[in-house]
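Have the sequence and the structure side by side as you read.

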Amino acid sequence: MSERAAPFHCPYCGDEDLRPNETGHGAWECASCNRAFQLKFLGLLTRGVRRNDGEGDRI
């Protein structure tokens, strides 16, 4: 899978009028609040994932 998911809402104002920004990969601009932001995947957390019911192994 080479395509990344696009954000649905602006993290600042919550509006949905987002467009890719020309500065590079993961950069977006909001036409509503006139802000530009960048999304970046930092990595997986070391604590793993747990089920809410307390059962199951830790991943």
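Two strands count as paired here if DSSP finds at least two bridges between them. Within this pair, Trp28 stands opposite Phe37 in strand 3. The hairpin that joins strand 2 and strand 3 has four residues between the strands, and Asn34 there takes a positive phi near 60°.

Before going on, a word on the model itself. It is a predicted one, in which local features need pLDDT of at least 70 and side-chain atom pairs count only at pLDDT 80 or more, while totals for chains, interfaces and linings use all residues. Residues are numbered from 1 along each chain as its sequence is written, and side-chain values use heavy atoms, with hydrogens and water left out.

Now turn to the other partner of strand 2. Strand 1 (residues 18-20) pairs with strand 2 (residues 27-30) in the antiparallel sense, over three bridges. Here Pro20 stands opposite Trp28. The hairpin of strand 1 and strand 2 has six residues between the strands, and in it Gly24 takes a positive phi near 150°.

Stepping back, the protein has three strands and zero helices, with elements running β-β-β from the N terminus on. Helices (H or I, at least four residues) and strands (E, at least two) are DSSP runs, numbered from the N terminus. Of the 59 residues, 15% are buried, meaning under 20% relative accessible area with a 1.4 Å probe, protein chains only.

How values were computed
Buried < 20%, exposed > 50% of the residue type's maximum accessible area, 1.4 Å probe, protein only.
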